[in-house]
Structures are given as C-alpha cells and as structure tokens.
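Visitor: I'm new to this. Could you show me the model and let me ask how you know things about it?

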Amino acid sequence: VENLIPDAQLEAARLPFACVALELTQGRLCTFTSGPARPPLIAGTAVGVVLPPYAWDGKLYVDAAPVSAVPVS
C-alpha cells in the first residue's frame, strides 16, 4: 500500500480532505487534515482481519468503521 500512496501532504490536496482512523489504545476517533498523507491513509485502511493495525508515532490505528461508519461530522 505504501507504494501506491504518493509522498504528499494532506493539506496540499486540491480539494479539502480529511482522513479518519480509530486509535486503539484510547479507542478514540482521530481526524487527520494536515501532515504526511501516507500514515493516516494506511491507518484508515487497516481493516480487522484483512490488514493488521498500523503502528505510527507510538500508537496503533485501524479503520474507523467500528465507531464511525460514515465519518461526516
């Protein structure tokens, strides 16, 4: 997956963009709108038995669907 995602910054997207992921240690929804694109996009696609949790910055992240099936807020 890392080879498919460009090494870009989220805030550089042509359209406003946010990526969400569930941080497992505290069980909280995290919304990423700035910084590197690769880690939050990989974290947000770590779906249970398909892909393992993604370790980033000392925390474990997975897909946010268990707490926010449609992250629109």
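Visitor: Which residue is the bridge partner of L22 in β4?

Guide: That's V62. Keep in mind that we're looking at a predicted model.

Visitor: What makes β1 and β4 a pair?

Guide: Strands pair if there are at least two bridges between them. Strand β1 (residues 19–23) and β4 have two bridges, in the antiparallel sense, so they count as paired.

Visitor: And where do they sit in the sheet?

Guide: The open sheet has four strands in the order β2-β1-β4-β3, with antiparallel pairing. Why are β2 (28–32) and β3 called edge strands? Each of them pairs on one side only. From one strand to the next, the twist averages 45 degrees.

Visitor: Why is E23 called buried?

Guide: Buried means under 20% relative accessible area. E23, which is in strand β1, comes in at 1%, so it counts as buried.

Visitor: What is E23 in contact with, leaving aside its neighbours within four places in sequence?

Guide: R28, C30, K59, L60 and Y61.

Visitor: How do you know that the side chain of E23 makes polar contacts with T25 and Q26?

Guide: The cut-off is 3.5 Å. A polar atom of that E23 side chain lies 2.9 Å from the backbone nitrogen of T25, and for the backbone nitrogen of Q26 the distance is 3.2 Å.

Visitor: What makes D57 exposed?

Guide: Exposed means over 50%. D57 has a relative accessible area of 67%, so it qualifies. You'll find D57 in the loop between β3 (54–56) and β4 (59–62).

Technical notes. Residues are numbered from 1 along each chain as its sequence is written. This is a predicted model: local features need pLDDT of at least 70, side-chain atom pairs count only at pLDDT 80 or more; totals for chains, interfaces and linings use all residues. Side-chain values use heavy atoms; hydrogens and water are left out. Buried means under 20% relative accessible area, exposed over 50%, partly exposed in between (1.4 Å probe, protein chains only). Axes are lines fitted to C-alpha atoms, for helices over the stretch in contact, and angles run from 0 to 180 degrees between N-to-C directions. A polar contact is a pair of N or O atoms within 3.5 Å; within protein, one must be able to donate a hydrogen and the other to accept it, and residues adjacent in sequence count only if both atoms are side-chain atoms. Contact means heavy atoms within 4.5 Å.
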